[in-house]
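Welcome! Please take a moment to look over the sequence and the 3D view, and then let us walk through them together.

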Amino acid sequence: MTTPTPSPTPYAAHPYPGPVPPPAPARSRRRVVVAGVIALLLVVAGVAATVWWVRGGEDGPLAGRPRVTDTRAGLSYGIPDGWKHDAAKDGKLIGAFSSQISNATTASESGGTVLAGRAGQTVPRAGLKRTTESAARSNAEFFFPDKPATLEESHATTLDGQPAHTAVLRIQGEDGTARLEMTVVTIHGERTSFLLGLTTGEADPSLARDVDAVLATATVD
């Protein structure tokens, strides 16, 4: 699996599927800019499809699985079979993120990552659609500069009863088609958080299903 070369443009940077490498000193300035960019994207102010989000993971595809409790994002989400969470590595993520789970399948050269984080400011319900689509596209541009990205889905939803929006992009890269799924949620009208799922490499429908399951069973902590 080949990691794409980041664009010099300060789009919101997110780790590629798999463990996040230690940050290089030369990138310190860009990481600061990146954290600010995603916060700015999540401030942008703006047909409904409602998904039943399972409370506490007591039912559904991740029932009984371990969960990540991200206190900074205020979210809890399940860890699918074959995925890993390394709490020590969460501290090495760029400032925009506070937790990560990943699955790297070396045999098929495919991989997946789900990350969570909290926005710098609260996004009103009316702004969730525009914010989510803008943030999703900026991430696609950062990881795959000059690669075509197609918006496949964009719908209003709820996450544990809170207003949210989900956008799904397909990106045609050198190593196959990548899938980026982002859900932005405003919690109790007081704070905004997000979950970002990314799968890359050879086509592996099971990874996409895992990402869907993680986002579908996330809860407000």
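## A walk through the fold

Seven residues of helix H4 are buried: Leu207, Ala208, Asp210, Val211, Ala213, Val214 and Leu215. Keep in mind as you read that this is a predicted model. Helix H4 covers residues 205–216, which makes 12 residues, and spans 16 Å from its first C-alpha to its last, close to the 16 Å expected at 1.5 Å a residue. An α-helix has 3.6 residues a turn, so residues three or four places apart point the same way.

Now step back to the whole chain. It holds 4 helices and 9 strands, and in sequence order they follow the pattern α-β-β-α-β-β-α-β-β-β-β-α-β. Of its 221 residues, 50% count as buried. The chain exposes about 10100 Å², and carbon and sulfur atoms supply 52% of that area.

Which residues touch the most other members of the largest nonpolar core? In this core of 23 residues, they are Phe97, Ala136, Leu169, Ile171, Leu180, Met182 and Leu196. Helix H3 (128–143) and the strands S6 (162–173), S7 (176–187) and S8 (191–201) each give two or more residues to this core. Helix H3 gives the most, with 6 residues. There is also a second, separate core of 22 residues, with Val68, Val114, Leu159 and Val211 among them.

Leaving aside neighbours within four places in sequence, Leu169 is in contact with Ala136, Arg137, Ala140, Thr150, Leu151, Ala178, Arg179 and Leu180.

Next, turn to strand S8, where 11 of its 11 residues are buried. Strand S8 pairs in the antiparallel sense with strand S4 (residues 110–118) over 9 bridges. Strand S7 and strand S8 are also antiparallel, again with 9 bridges. Strands S7 and S8 form a hairpin with 3 residues between them, and His188 in the turn has a positive phi of about 55°.

Elsewhere, an open sheet of 3 strands is arranged in the order S1-S2-S9, with antiparallel pairing. Strand S1 (67–70) and strand S9 (219–220) stand at the edges with a single partner strand each, so one side of each has no neighbour in the sheet. Strand S1 is joined to strand S2 (residues 75–78) by 4 bridges.

| Residue | Stands opposite |
|---|---|
| Thr69 | Ser76 in S2 |
| Leu115 | Leu196 in S8 |
| Val185 | Ser193 in S8 |

How many aromatic pairs does a search of the whole structure find? The search finds 1 aromatic pair. The rings of Phe97 and Phe194 have centres 5.8 Å apart and planes at 70°, so the pair is edge-to-face. Phe97 lies in the loop between helix H2 (87–90) and strand S3 (99–105), while Phe194 belongs to strand S8, so the pair ties together parts that are 97 residues apart in sequence.

Definitions and conventions. Residues are numbered from 1 along each chain as its sequence is written. This is a predicted model: local features need pLDDT of at least 70, side-chain atom pairs count only at pLDDT 80 or more; totals for chains, interfaces and linings use all residues. Side-chain values use heavy atoms; hydrogens and water are left out. A nonpolar core is a set of buried Ala, Val, Leu, Ile, Met, Phe, Trp, Tyr and Cys residues joined through side-chain atoms within 4.5 Å. Buried means under 20% relative accessible area, exposed over 50%, partly exposed in between (1.4 Å probe, protein chains only). Contact means heavy atoms within 4.5 Å. Two strands pair if DSSP finds at least two bridges between them. Rings of Phe, Tyr and Trp (its six-membered ring) pair if their centres lie within 6.5 Å; planes under 30 degrees apart count as stacked, over 60 as edge-to-face and the rest as tilted. The expected span of a helix is 1.5 Å times one less than its number of residues. Accessible areas come from the Shrake-Rupley method with a 1.4 Å probe; for residues, only the protein chains shown count as cover.
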